[in-house]
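Trainee: Could you go through this structure with me? I would like to ask things as I look at it.

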Amino acid sequence: MKKTILFLTSIFFCATLTLAQGKSLPNIDVKTLQGKTINIQDLENDGKPMVISFWATWCKPCKKELNTIAEVYDDWQEETGVKLIAISIDDTRSMSKVAPYVNSSDWDYEVYLDSNSDLKRAMGVSTVPHTFLINGEGKIVWNHKGYIDGDEEELYEQIQHLVTK
Amino acid sequence: MKNKFLTFLFSISCCNLIAQNNGQITGDFSLNLQSYVEDAAINAAAADEVVLNNAFLNLTYSSNNFIIGLRYESYLNALLDYDSEFRGNGVPYRYAGYTIDGLEITAGNFYEQFGSGLIFRSYEEKGLGIDNAMDGIRLKYKIGKGISLKSFIGKSRTFFTYAEGIFRGIDAEIDINESFELENTTKYILGGSFISRYEQRTNPKFIIPQNVAAYAGRLNILNGGWNYYGEFAYKINDPINSLQENQMNYASGSAFTNSLTYSQRGFGITAEIHRADNMLLLSERERTGKAYIMNYIPTLSKPHAYTLLAIYPCATQAMGELGVQLDIFYKIKKGTLLGGKYGTKVNFNFSRINGLEGGYSMLNDNQDHSPDLFDFSQELYYSDINIEINKKINKNIRYNAVIANQTYNKDFLEGKTPGEYGVLNSTIAVLDLSYRIKKGHTIRFETQALFSKQLETASKEAEGDWLMALAEYTISPNWFFAIQDMYNYGNENESKRLHYMNINVGFLKGSTRFEIGYGKKREGIFCVGGVCKLVPSSNGLNLSITTSF
Amino acid sequence: MNRFFYIIIATIFISSCEVIEGPYMNGTIDPIDTTNNVYVKNILIEDFTGHTCKNCPDAARELDAIHDVYGSQIIGLAIHAGQTFARPYPIDPTGNPDEKFIYDFRTSWGEELDGFFQVSANGLPKGMINRIDYSSSGDHRKDWGEWANIVGDELSKDVLFGINIEINQTPLMLSDQFDIIINSESLSAMSGNYKLVVCLTENNITNWQKDGDNDDESYVHKHVLRSFLTPTFGEDFASEEINNGDSFSNAYSPVISTLENNNINHSQNILTLGNGNAGDWDLNNMYVLAYIYDESNNEILQVEEKSLLNK
């Protein structure tokens, strides 16, 4: 038992060390709405930042977040070149509703399906929504759990901070 | 002492490894403490331990093609809504894997799903207390263009042990267009899967198959905005190991699910039909309880997020049901009369699920029954017709409104004696209004009402009508405060016309979330994805911390 | 090469299933040859149950079916326990009396066993087969579907003790007082601590039972636990070094009506929601049941049963 604790503590210690350097995206496959398999590490945005947002069709705050951003997404893209990637964790019960929901909502995001929650687990996401900001080198520089009204402004400040740095 | 030193050395070398190999550690942690006080009015029990605890820590180390992970879990003792067999501490989940030339190898624990899960799904759902992770070996292989294979062998987890059944599985998927380099606008993806379970069984009276197999085929056709998905599954005879003739069922099982979707900008529609007959696949054939279920028939109903809409949820009946569902999403354009300045989003949903004619398939020396394929006239289990409108009125005000009519066969779905509660019909209205006071400050009100009646006379008193109100104040990016009350004002039993009040405060910073709540929970059915559990009523203080790194 | 490898795997998998064509009944069952032994290995199935537990009759019928196959080697003990399914009705404080499930089958010993083995807290029906696999994670609680398989394995174990129950009534005794002598004998050399438990059961009690979707007024409750004559966890009987052939004798002189009154009082005054409705015992249907278990792992090594009136 003590050994486990010691081991976990040292791992934690290492984790904090590596945290400062910024993490890369894991080597995990997701599916496009067209059924094509894509590795999440292959996503890129010409050296500009990317936002990865975990969501589900049954999750109210997730939809609120993504709908709110959708209204200002054109401006964001124009000013910073940011790209938003929406990862749906809908399982097979609601997977068939992802495409109709996304299309009917006029979202311009790239949407991927993570129906076995592999990516969700690999990125340490326990609840949705959970939003990650990825810099031009593909490192995670900021992340935020949950969504409350107004959080998109903080996210945008972080994006601007990245671009002007 | 020596051991400690070794562990320390090992950890240090791990650390070096991490630094040198460009590796990284991710993980998440969650703690849930709940105190329980007795409350006779709502039939809530106090826990002997006073405070109960569920906690877990996930750690994943990954470097280039290599990955290891583990989860430490602690139930001291498990919360009352958890199975009490979750007891104690341990590391029930650990694995290592690497990928080389398109071959991915995992040893240890893994989660896997074939197709939509009709014959196999190993997954975790913390909310339900389900974790049937496999322990064994899994290989995934991408053969050339568009073909991928998965295969595994292992045992499935139940609480802190493993169920007896040994599962072998293989799944293949081929993207026809990619494989044959077709320049076609229509895309075809074909898949097939096979599962076999071995359990050593002896029975002095009946012949028992020790190797039980299930297989499924699936087809996905995509063209522009159109998408068809169909999956068909079959399971061979899988009787339990009883000595009673009428308990022995040698019938095979079957299931299918079909969905057809069309969407374009501003509009989407999904139509679905599914049927399951004797299609429960368990990790030990004789066991009862959701911890042993190894397949998943996706539920055909909308997963509702509002409390009163989810009071009477739909649970999938893998032993036998037939259902249909229709979903329409539409966005009324900006600048029109109904669309207003920002547009109005409308979602219509209809679902209906009924039983099979004469029940599920049954076959033994005395009985032989197989129900009709499509018979929508049988006993109704669940139906839901609802419409949801989401609208932003101006910069500061937005609302979400839902109106629904649900029919819920309480006797059947909750395993009661017929005539106890009968079938309930409820009309539910929800208005969710949020108002932005100033930058970062938002106040939100939810009002919900449920009007319910028993469709036939029943021997037990109905819960009847409910009202619910919630006020939530949020300060972005860190705080939220919420107070809510549910009032069962229409309970036929006047002594049970009670208020269930809850207060919650949360603090969020980056990837950490603290929440503290106090209040009463009603006894009810809680479901995720059509898998349901009974949550006992409770009264007490709750503290939860979740964080990821 | 790799494709070839996968084809082989696929072939192995697909051949691994057994589709069975009727008839499904295996036919003959070979009775165990007992001619050379004085004692045979008997199995105790403790069936934790409740009269408002709708799935419990399935378990009771399985016990019957196992008994039909293996005969007197299978001894059943129905323990009505817990506050959910075994409590008597009516209990609704607002009235609304339900005259159906008003009998209280529970006993203090049954409740204590249920608490120790954590059975009803994890849902009924559940049973223990000779109490094997005892562990804090609950491996000793067996779903009825598992029983037949386990019984098959248990019967092949060596018989370690022989039990012989002797019941006498002398003219000096009350009409419902009995001299019960448990004579037991070790059948191999052993070391360990063993305990003896003696209890009384009543067979064929007709009373209400929820059975699937029906409330059955004339359900026959079999081998229902009535009373213990020893403490719940038995009394010291043999310990440490035991030689092959060692014999032991333990005697009890219970007065049945006293035991009956004890149960009535216990139900009335101590049990949660109890109502004292625990009487009407019938001597004609009563049995003495004795078992010996190993204290280190709770496993029951031998069990025997005999009709009180030597019927």
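Trainee: Which residue does A:K23 stand opposite in β8(A)?
Mentor: This is a predicted model, and in it A:K23 stands opposite A:I140, which belongs to β8(A). The strands β1(A) and β8(A) run antiparallel and are joined by two bridges.

Trainee: And what sort of sheet is that part of, and in what order do the strands come?
Mentor: It is an open sheet of eight strands with mixed pairing, and in chain A the order reads β1-β8-β7-β4-β5-β6-β2-β3. At the edges stand β1 and β3 (37–39) of chain A, and because each has a single partner strand, one side of each is left without a neighbour in the sheet.

Trainee: Which helix packs on the sheet?
Mentor: That is helix α2 of chain A, residues 60–80, which touches β4 (50–55) and β5 (83–88) of chain A, and the direction of this helix makes about 150° with that of β4(A).

Trainee: Switching to the chains, which pair has the most contacts?
Mentor: Two pairs of chains touch, and the most contacts are between chains A and B. That contact takes 49 residues from chain A and 70 residues from chain B. On the chain A side, at least two residues each come from several elements, including β1 (23–24), α3 (98–104) and α5 (151–164), while the largest share, 11 residues, comes from α1(A).

Trainee: How do the residues on that side of chain A divide?
Mentor: The side of chain A that touches chain B has 16 nonpolar, 21 polar and 12 charged residues.

Trainee: What about chain C, how many of its residues are in contact with chain B?
Mentor: There are 38 residues of chain C in contact with 45 residues of chain B. In chain C, α1 (2–15), α2 (56–70) and α4 (144–155) each supply at least two residues of that side, with the largest share, seven residues, coming from α1(C). The residues on this side of chain C divide into 17 nonpolar, 12 polar and nine charged.

Trainee: And how far apart are the nearest C-alpha atoms of chain A and chain C?
Mentor: They are 19 Å apart, and chain A and chain C do not touch.

Trainee: Where is the largest nonpolar core, then, or at least which residues have the most contacts inside it?
Mentor: The largest nonpolar core has 61 residues, and those with the most contacts inside it are C:I66, C:V151, C:L289, C:A290 and C:Y291. Strand β12 of chain C, residues 286–294, gives the most to this core, with eight residues. Leaving aside residues up to four places away in sequence, C:Y291 touches C:L44, C:V197, C:I300, C:Q302 and C:V303. Another core lies apart from the largest one and has 42 residues, among them A:V51, A:F54, A:W55 and A:V98.

Trainee: Where in chain C is confidence lowest?
Mentor: In chain C confidence is lowest in α1(C), at a mean of 62, and highest in strand β1 of chain C (residues 43–49), at 96. Over the chain, the mean pLDDT is 87, and 88% of the residues of chain C reach 70 or more. Where pLDDT is low, the predicted coordinates should not be read in detail. For the complex, the predictor gives an ipTM of 0.88 and a pTM of 0.87.

Notes
Residues are numbered from 1 along each chain as its sequence is written. Chains are lettered from A and ligands numbered from 1 in the order in which they are written. This is a predicted model: local features need pLDDT of at least 70, side-chain atom pairs count only at pLDDT 80 or more; totals for chains, interfaces and linings use all residues. Two residues are in contact if their C-beta atoms, placed from the backbone, lie within 7 Å. Helices (H or I, at least four residues) and strands (E, at least two) are DSSP runs, numbered from the N terminus. Ala, Val, Leu, Ile, Met, Phe, Trp, Tyr, Cys and Pro count as nonpolar, Asp, Glu, Lys and Arg as charged, and the others, Gly among them, as polar. A nonpolar core is a set of buried Ala, Val, Leu, Ile, Met, Phe, Trp, Tyr and Cys residues joined through C-beta atoms within 7 Å. A residue is buried if 20 or more other C-beta atoms lie within 10 Å of its own, exposed if 12 or fewer, and partly exposed in between; C-beta atoms are placed from the backbone. Two strands pair if DSSP finds at least two bridges between them. Axes are lines fitted to C-alpha atoms, for helices over the stretch in contact, and angles run from 0 to 180 degrees between N-to-C directions. pLDDT is the predictor's confidence in each residue, from 0 to 100.
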